[in-house]
Amino acid sequence: MRPTPATALSCLLAGMLLACGSPPPPAAEGALGDLRFTEGFANEPIIQASGAAYLRIENRGALPDTLLEASSPAARGAMFHGGAMAHLMVLPIPAGGELRLEPGGTHIMFEDFSEMPRAGDSLAVTLRFARAGSVTLELPIRVYGTP
Ligand SMILES: [Cu+2]
């Protein structure tokens, strides 16, 4: 049985979270060439039409790279959004710098889920870079608004 927010809260209050269900999965991490990925997660979508994903991409190389595309088998499409939902075509990652996709800022916006991602599951996300190539990360899905 999926715990409701109320039961999850009561679990926390009772200090019995482990007894009530699995702890939330840790944020996704990974590496591809000079790129390091940390703090990756997706929000449980509120509607089937769209949902956001976040991660931090550090470029340890001497050359810049560019995030060209994100995709997931669970969604029909994806785009990059700036903080005010402005559509961004590609996302640069400066040499020795980082790209932060985070709540309230730039994010990946998935569109039209074939099956609603649920908190506690993970979302397979493939990222394609101009220089480093492609990587697939399993982003843990979190209830909207939880850290
Ligand atoms: Cu968006």
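**Notebook: strand pairing, core and backbone angles**

Entry 1. I began at Phe 80 and found that it stands opposite Ile 108 in β9. The structure I am reading is a predicted model. I then looked up the pairing of the two strands: β5 (75-81) runs antiparallel to β9, and six bridges join them. I asked which residue of β6 is the bridge partner of Phe 80. In β6 that partner is Leu 88. Strand β6 covers residues 87-88 and pairs with β5 in the antiparallel sense over two bridges.

Entry 2. I next recorded the overall layout. The protein has two helices and eleven strands. Along the sequence I read the pattern α-α-β-β-β-β-β-β-β-β-β-β-β. I looked up burial and found that 22% of the 147 residues count as buried. For contacts with a separation of 6 or more, I noted that 66% are between residues 24 or more positions apart.

Entry 3. I checked confidence before reading further. The average pLDDT of the protein is 86, and 82% of the residues score at least 70. Over residues 1-20 pLDDT stays under 50, and for this stretch the model has eleven contacts beyond four places in sequence.

Entry 4. I turned to the largest nonpolar core, which has 24 residues. Which residues have the most contacts inside it? I listed Ala 42, Ala 53, Ile 108, Leu 123, Val 125 and Leu 139. The strands that each supply at least two residues of this core are β2, β3 (50-59), β4 (65-71), β5, β9 (107-113), β10 (122-129) and β11 (133-142). Ile 108, listed here among the core residues, is the residue I had already met opposite Phe 80.

Entry 5. I then examined Gly 40, which is found in strand β2 (residues 35-43). Is Gly 40 buried or exposed? Gly 40 counts as buried because 25 other C-beta atoms lie within 10 Å, against a cut-off of 20 or more. Beyond its neighbours within four places in sequence, I found Gly 40 in contact with Ala 27, Ala 28, Glu 29, Tyr 54, Leu 55, Leu 137 and Leu 139.

Entry 6. Last, I looked up positive phi values in strands. Most residues other than glycine have a negative phi. Glu 39, which has its place in strand β2, has a phi near 55°, a positive value in a residue other than glycine. Glu 39 counts as partly exposed because it has 15 C-beta neighbours inside 10 Å. Asp 112, in strand β9, is not a glycine, yet has a positive phi of about 60°. With 13 other C-beta atoms within 10 Å, Asp 112 is partly exposed.

Methods. Residues are numbered from 1 along each chain as its sequence is written. This is a predicted model: local features need pLDDT of at least 70, side-chain atom pairs count only at pLDDT 80 or more; totals for chains, interfaces and linings use all residues. Helices (H or I, at least four residues) and strands (E, at least two) are DSSP runs, numbered from the N terminus. A residue is buried if 20 or more other C-beta atoms lie within 10 Å of its own, exposed if 12 or fewer, and partly exposed in between; C-beta atoms are placed from the backbone. Two residues are in contact if their C-beta atoms, placed from the backbone, lie within 7 Å. pLDDT is the predictor's confidence in each residue, from 0 to 100. A nonpolar core is a set of buried Ala, Val, Leu, Ile, Met, Phe, Trp, Tyr and Cys residues joined through C-beta atoms within 7 Å. Two strands pair if DSSP finds at least two bridges between them.
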